[in-house]
Amino acid sequence: MMKNSTLQVYNTIDLSFDHGDGVYLYTEDGTRYLDFTSGIGVTCLGHSHPALVSALTEQAGKLWHCSNLFKIKGQESVAKKITDHSFAEKVFFCNSGAEAIEAGIKALRRYFYTNGKKKKNKIICVKNAFHGRTYAAISASGQSRMLEGFLPALNGFEQVEFNNIDAINKKIDHNTAGILIETIQGEGGITPANKKYLRDLNDIAKEKDLLLFFDEVQCGVGRTGKFLAVEWVKSLKPNIVSIAKGIGGGFPLGALLLDKKVSKTMTPGSHGSTFGGNPLGMAVADVVLNYVLKEDFLDHIRYVGYNLREKLKEKIIAKYPDLVTGVRGVGLMVGLVAKENNEKLIRLMRKQRLLTVKAGMNVIRMLPPLTLEMKHVDEAIEKIDKAFSEFNHE
Ligand SMILES: Cc1ncc(COP(=O)(O)O)c(C=O)c1O
């Protein structure tokens with residue numbers, strides 16, 4: 001047997017791909033898979049999108065890296081596109097979701113420090129959350145399966161039940177600095193924060209002088225049919241939002257969006273990144289933003305997402321009530337709820353050449369490219385129907 005030299009931290013599936021095209025992935029022998037994972041919400045414009053390929057290759061021929069010691073062409077225009085279309089006053093670029101979370105936690109605490117409230121540093125988080133794998137991220141999530149073997153965790157994070165405003169209220173004291181939640185929990189099972197809960201958080205933050213930090217690493221960048229998922233609640237005033245995944249369209253890129261008062265406290269020397277905001281990342285982000293900031297593209301995401309959920313209800317849940325019980329999500333962030341275990345169903349779908357990914361204990365997560373069309377929805381429904389019809393024969 002061949003020696004495995006890669007650190008085995010993933011439960012890797014024995015399947016690999018040679019190339020991708022739009023919503024499809026191809027193995028070396030040409031077998032085609034319909035990709036409803038997008039590399040877990042990353043390749044938002046599909047695989048090998050011509051505009052992304054040409055932006056990246058053109059930039060690669062000019063300049064890859066020069067450091068934030070110098071002005072990086074593209075950073076200002078990408079940041080301006082984001083600030084023109086969001087609550088944000090400033091944007092910090094990094095390379096991943098966890099790095100955006102780290103930067104956000106630092107900014108949250110720094111705001112109170114700068115304003116003379118050094119003890120106001122406690123962050124309330126929620127159970128079942130996922131913010132990445134760095135120490136701050138696993139400490140914020142507080143999940144024992146992620147912390148196992150890595151204790152002590154970092155101080156200053158407390159977890160309460162998600163979507164429960166009383167639980168948050170009970171935890172707040174004079175040292176509470178802010179609240180960190182995913183606007184829609186991804187890994188935890190595609191669970192949106194209720195609109196009322198978000199409005200209440202807004203009121204509490206105002207009343208108690210807290211900052212609101214939303215993790216939109218998975219649900220941001222057009223995934224829900226809005227550029228940011230927080231936009232679904234008009235009155236909501238975030239102070240900090242982290243994005244990553246989709247913003248690079250497949251290139252490693254993350255960003256932290258900050259409002260005016262928080263951004264003022266992040267002064268030169270307070271944070272940084274060698275690779276963050278490099279010319280290659282900026283070239284692809286510019287292309288992604290040309291899509292995900294356009295209302296007709298967002299409209300398309302809402303339309304296709306709605307129809308995907310409706311067809312899942314009509315053609316799958318109604319036909320297989322013993323296997324799946326419901327569907328949830330927003331836009332093209334969709335969770336099909338399995339009655340028991342999701343793993344066998346995901347495997348059966350993969351046998352029909354449809355790729356999905358699990359979330360929580362019993363959710364089949366679907367994060368297709370945002371360029372998905374109705375014909376692909378029909379193709380997926382056919383594959384799921386076939387897959388589930390095999391359930392008792394396997
Ligand atoms: C909501 C959320 N936050 C943070 C992260 C961490 O992102 P990364 O893996 O790029 O560090 C993820 C990754 O899945 C995520 O879904």
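**A walk through two domains**

The C-alpha centres of domain 1 and domain 2 lie 27 Å apart. Domain 1 covers 19-48 + 295-393, and domain 2 covers 63-292; these bounds come from an automatic or database domain assignment. Where the two meet, domain 1 gives 26 residues to the contact and domain 2 gives 27 residues, with contact meaning heavy atoms within 4.5 Å.

Before we go on, a word about what you are looking at. This is a predicted model, in which local features need pLDDT of at least 70 and side-chain atom pairs count only at pLDDT 80 or more, while totals for chains, interfaces and linings use all residues. Residues are numbered from 1 along each chain as its sequence is written, and side-chain values use heavy atoms, leaving out hydrogens and water. Helices (H or I, at least four residues) and strands (E, at least two) are DSSP runs, numbered from the N terminus.

Let us begin with a sheet of four strands. This open sheet runs in the order β1-β2-β3-β15, and its pairing is mixed; two strands pair if DSSP finds at least two bridges between them. At the edges are β1 (19-21) and β15 (354-355), each pairing on one side only. Three bridges join β1 to strand β2 (residues 24-26) in the antiparallel sense, and Tyr24 in β2 is the bridge partner of Asp21. Helix α13 packs on this sheet and touches β2, β3 (32-35) and β15, its direction making about 110° with that of β3. Such angles run from 0 to 180 degrees between N-to-C directions, and axes are lines fitted to C-alpha atoms, for helices over the stretch in contact.

Helix α13 (residues 374-389) also has a helix partner: its axis comes within 8 Å of that of helix α12 (residues 343-351), and the two cross at roughly 120°. The two helices are therefore oblique to each other. Here, angles under 35 degrees count as roughly parallel, over 145 as roughly antiparallel, 65 to 115 as roughly perpendicular and the rest as oblique. Which residues meet in this pair? Leu345, Leu348 and Met349 in α12 meet Ile384, Ala387 and Phe388 in α13. By class, this contact has six nonpolar, no polar and no charged residues. Ala, Val, Leu, Ile, Met, Phe, Trp, Tyr, Cys and Pro count as nonpolar, Asp, Glu, Lys and Arg as charged, and the others, Gly among them, as polar.

Another helix pair is α2 (residues 50-60) with α10 (residues 279-292), whose axes come within 9 Å and cross at roughly 155°. That is why α2 and α10 are roughly antiparallel to each other. Their contact divides into eleven nonpolar residues, one polar and no charged.

Strand β5 (residues 122-126) and β6 pair in the parallel sense over four bridges, and Val160 in β6 is the bridge partner of Val126.

Finally, two details of the backbone. Most residues other than glycine have a negative phi, and most peptide bonds are trans. Ser67 is not a glycine, yet its phi is positive, about 85°; Ser67 sits in the loop between α2 and α3 (75-84). The peptide bond from Leu151 to Pro152 is cis, with omega near 5°, and Pro152 lies in the loop between α6 (144-147) and β6.
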